[in-house]
Amino acid sequence: MQTDHRLESPSAARNRDPILKELQRLLPSEGLVLEIASGTGEHAVHFAAALPGLVWQPSEPKEDMRASIVAWRDSEGLANVRDPLAIDVLSEAPWPIDAARAIVCINMIHIAPWAATPALMAGAGRALADGNPLILYGPYRRAGVETAASNEAFDASLKERDPSWGLRELETVEEEARRAGLDLHEVIEMPANNLIVVFRKASAG
Ligand SMILES: C[S@@+](CC[C@H](N)C(=O)[O-])C[C@H]1O[C@@H](n2cnc3c(N)ncnc32)[C@H](O)[C@@H]1O
């Protein structure tokens, strides 16, 4: 008997359609998109099915999640989702891809130590060609903007689970991005007080 490795995340089921709507505009029509921290793989299969011109490259450090990504991919019969890579942005190892037309990272930087943010920016700065986007999704703090009560409660619950986790301040994330050669291009308000934040690799010249 075959084991079904597919895992389910209620938040991925909730946010995948609003995120897809923006990705349809933000992503190129073809080429390789690298997803960092793919989790269960539900986003990967949802986006790859809707954007068949793209090759979706999931990645995820946890083995059970990588098994879930493969199981979702195979159950949906998607030819444009690659085998997941075991990328941990905090590891020193270079990302095993030549280049990406775009990078997507959903709900990771607040559920990882702060060091994951500069590491993500540095890796994206290396993997993206000039003008290409790094697209982040998640809740943020913003200077001069009151944080929603639901996000304050979420922040407290994250810090209880791991004191190194927590909502990041958009302006500090932007500063790290700039250090890695990525400029902030767009901030999109999403349901439930989340944001999509689009950085683009600045041209060296
Ligand atoms: C809340 S889950 C989000 C998963 C998926 N993107 C989603 O939205 O359903 C956070 C993910 O970040 C991954 N993660 C945590 N630290 C990481 C790191 N240093 N490098 C890459 N991924 C990491 C975890 O393994 C987990 O899959």
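1. A salt bridge is taken here as a side-chain nitrogen of Lys or Arg within 4 Å of a carboxyl oxygen of Asp or Glu, and the structure holds 12 of them. This is a predicted model, in which local features need pLDDT of at least 70 and side-chain atom pairs count only at pLDDT 80 or more, while totals for chains, interfaces and linings use all residues. Residues are numbered from 1 along each chain as its sequence is written, and side-chain values use heavy atoms, with hydrogens and water left out.

2. The chain has 6 helices and 8 strands (DSSP runs numbered from the N terminus, helices being H or I of at least four residues and strands E of at least two). Buried residues, meaning those under 20% relative accessible area, with exposed over 50% and partly exposed in between (1.4 Å probe, protein chains only), make up 49% of the 205 residues.

3. Arg25 forms a salt bridge with Glu22, the closest N and O atoms being 2.9 Å apart; the two are 3 residues apart in helix α1 (residues 10-26), and therefore separated by about one helical turn. Arg25 is partly exposed at 49% relative accessibility, whereas Glu22 is buried at 14%.

4. Arg141 and Asp155 also meet in a salt bridge, at 2.9 Å from N to O, and this pair links strand β5 (residues 140-141) to helix α5 (residues 149-161) across 14 residues. Asp155 is buried, with a relative accessible area of 5%, while Arg141 is partly exposed at 22%.
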